Amino acid sequence: MSTLALEVEDLVMHFGPVRAVDGVTLRIRQGSVVALVGESGSGKSTVGRCIVRLLEPTGGTVRLADADVTHLTRRQLRPHRRNVSIVFQDPAGSLDPRLSVGDIVGEPLRLMHRKNISTKVAESLRRVGLRPEVAQRSPHELSGGQRQRVSIARALISEPRLLVADEPTSALDVSVQASVLNLLADLQRDLGFACLFITHDLSAVEYLADEVAVMYLGQLVEQGPRSRIFGAPAHPYTQALLSAAPVPDPAEQRARKPVLLGDDLPSAIDPPSGCRFHTRCPVAVDTCRTVIPEPRVIGEGGHQVACHLVDDNGTGPDVRTGEGVAR
Amino acid sequence: MTAGITPGISTAPVLQVNDLSVTFRTEDGPVSAVDRVSFEVGDGEVLAVVGESGCGKSVTAMSLAGLLPRTATVDGSVRLDGVELIGADKRTLRTIRGREVAYIFQEPMTSLNPVFTVGHQIGEVLRTHIGLNRQAARDRSIELLKLVGIPSAERRISDYPHQLSGGMRQRVMIAMAVACDPKVLIADEPTTALDVTIQAGILDVLRELRERLGTSIVLITHDLGVVADLADRVAVMYAGRVVETAEVHELFAHPQHPYTAGLLGASPAAGRHAESHRLNEIPGLVPVLTQQPDACTFADRCPRAIDTCTATEPDLTPGHHRVACWNPVREPVEV
């Protein structure tokens, strides 16, 4: 068995004319956490849905723990289901209101014809910080944070190798968000599953992710170790994302100058030629408009960037300061 | 970023809210949403009202010009330039809304009419409230679109809302809101539905408005980053009450209410948590209150609670940094 929990090769997902995902390559080692970051319309959730095979990709391959699941039928997928689980953003919408919490959490095991389900349900609930009695309740009796804990309990009951968490805390209040993020971090450390954490919020993943991959309009523009992405972001879009998120400190925030990209996000039906970011990039040159930049390794830990303006040593512009920097 | 206008409460406040309470009739009995909230907003000042879902911040905002449904009972006083708005007749409210107080909401698409062009909708505001003719309204609309940073405004004025991006729509909403040069702009989560790279631009527009037109802004938000960016003063709400108010730098540096300190510790910020690997948690849930108890509503979640907290309601202390707490945080908190 390889050391990879997930291997996505040149993934393509088109919905009619909409090119939601257009060539994404991503690997997650056993037990490590990769954050997939992007704004609305970047295709990040579609990548997640292809990985758990809620969608059948248009092209490319998805391998879960060495097994190619890209085009398996529902029946063929069944033995692979226990290897991967997903948690969605809106726990109210993803929990069946007609079932009890216990039925919801135990469902994956029932589909695998396991025994002693109620014991496992109680154990799984306890693990996410809920009392076992919650099993008798109905999801609508719970708060948003508790419901998200129920989703996590269900996702982890089959002991998957990979958890796809799609904006699991975006619908929650700040104080609740903190407790769910802490819970995910604890569970990941204790149980050792690999995790693809999909989010629009870079700050939420900083203390959770080992690696970060940044997506823009269906493609990855940069990926690498967390410390590199936060400390030495190479792609102008990553730099802009980091500069735009306001920090909760008035003195620091007012001293910053966010990079403004303009409001017009291009359409995924007719994405820009060359580098897809060139229409909003503050430092784009002629080459960017015509030639598609290939991802290249520019530094330690497999730090990759797809940008013409960054050289092989990682030297390139920093749109936050307006200067060129060496990495 | 506060150049030009000296913010603060040295001049007479433009908006003065005193003991504002809102109760809703529901099938399960009355629910208290806002409880004796008081604050004031100075000329050209940005006051942020911060809190989590259910704290009463949006209900407070809507009650400021009578936008609440009939199931709501409103008590207390809201004075705009000395004119009482609570209990005011419909005609008074109609002149004040849009002209003196304007609103922008979280979701611009639902507030814009999909079947009319942007120019028509801004023009309508100008024709109704200031009586401009068609040509003058058009010229002024173009000016307003430029003010809020919409490129090629002459062309964009003929666009329909669906032809605009989310960020552009929010800019149009702001243009409509400030069309009549209102004294107070109430911005209810104006950037929550937008991506961060778009949000930064909208926050700049609001800052510009304050600096160029001297508009006072009540900024309703859950995002402490947005507060840090734009606010002069902050009122923190919890379970219907204001629990702390202070000048923005003071509040972030020396939060005194344990809830404020907890919120600050729970907010992730890039570059701050990589070492600790942990965010602060606030255990428990926000209560839904049928009636306001004679106690601190945060007491059962509070790490600093003492006996008094569950027995007597704390009042806001007087002064510039006001806190409603029996056992406030006095030493600087690491957040």
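Trainee: How far apart do the C-alpha centres of domain 1 of chain B and domain 2 of chain B lie?

Mentor: Happy to. The C-alpha centres of domain 1 of chain B and domain 2 of chain B are 29 Å apart. This is a predicted model, in which local features need pLDDT of at least 70 and side-chain atom pairs count only at pLDDT 80 or more, while totals for chains, interfaces and linings use all residues. Residues are numbered from 1 along each chain as its sequence is written, and chains are lettered from A and ligands numbered from 1 in the order in which they are written.

Domain 1 of chain B is made up of 13–100 + 184–267 + 281–302 + 310–334, and domain 2 covers 108–181 (the bounds come from an automatic or database domain assignment). Where they meet, domain 1 of chain B and domain 2 of chain B each give 13 residues to the contact (C-beta atoms, placed from the backbone, within 7 Å). On the domain 1 side of that contact, α8(B) gives the most, with six residues (helices are DSSP runs of H or I with at least four residues, strands runs of E with at least two, numbered from the N terminus). By class, this side of domain 1 of chain B has nine nonpolar residues, three polar and one charged (Ala, Val, Leu, Ile, Met, Phe, Trp, Tyr, Cys and Pro are nonpolar, Asp, Glu, Lys and Arg charged, and the others, Gly among them, polar).

Now for the contact between the chains. Chain B brings 40 residues to it, and chain A brings 37 residues. On the side of chain B that touches chain A, two or more residues each come from α7 (166–177), α8 (196–213), α9 (224–230), α10 (248–253) and α11 (258–266) of chain B. Here, too, α8(B) gives the most, with six residues. The residues on this side of chain B are 20 nonpolar, 15 polar and five charged.

Let us go down to one helix, α5 of chain B. Helix α5 (residues 134–147) has 14 residues and, at 1.5 Å a residue, should span 20 Å, which agrees with the 20 Å between its end C-alpha atoms (the expected span is 1.5 Å times one less than the number of residues). Its buried residues are A137(B), S141(B), L144(B) and L145(B) (buried means 20 or more other C-beta atoms within 10 Å of a residue's own, exposed 12 or fewer, and partly exposed in between, with C-beta atoms placed from the backbone). Down the axis of α5(B), these buried residues fall within an arc of 95 degrees, so they line one face of the helix (the arc is that of the directions from the helix axis to the C-beta atoms). They pack against α4 (118–130), α6 (153–156) and α7 of chain B. After α5(B) comes G149(B), with a positive phi near 80 degrees.

Stepping back to the whole chain, chain B has twelve helices and eleven strands. Its radius of gyration is 21 Å, close to the 20 Å of the globule rule for 335 residues, so chain B is as compact as a globular protein of that length (taken over C-alpha atoms; the rule is 2.2 Å times the number of residues to the power 0.38). Its C-alpha atoms fill a box of roughly 65 × 50 × 40 Å along the principal axes, and 50% of the 335 residues in chain B are buried. Of the contacts in chain B with a separation of 6 or more, 64% are between residues 24 or more positions apart.

Chain A is divided into domain 1 (4–209) and domain 2 (234–327), whose C-alpha centres lie 29 Å apart. Seven residues of domain 1 of chain A are in contact with seven of domain 2 of chain A. The elements giving two or more residues to the domain 1 side are β2 (18–29) and α8 (202–205) of chain A, and β2(A) gives the most, with three residues. This side of domain 1 of chain A has four nonpolar, two polar and one charged residues.

Conventions: Contact = placed C-beta atoms within 7 Å.
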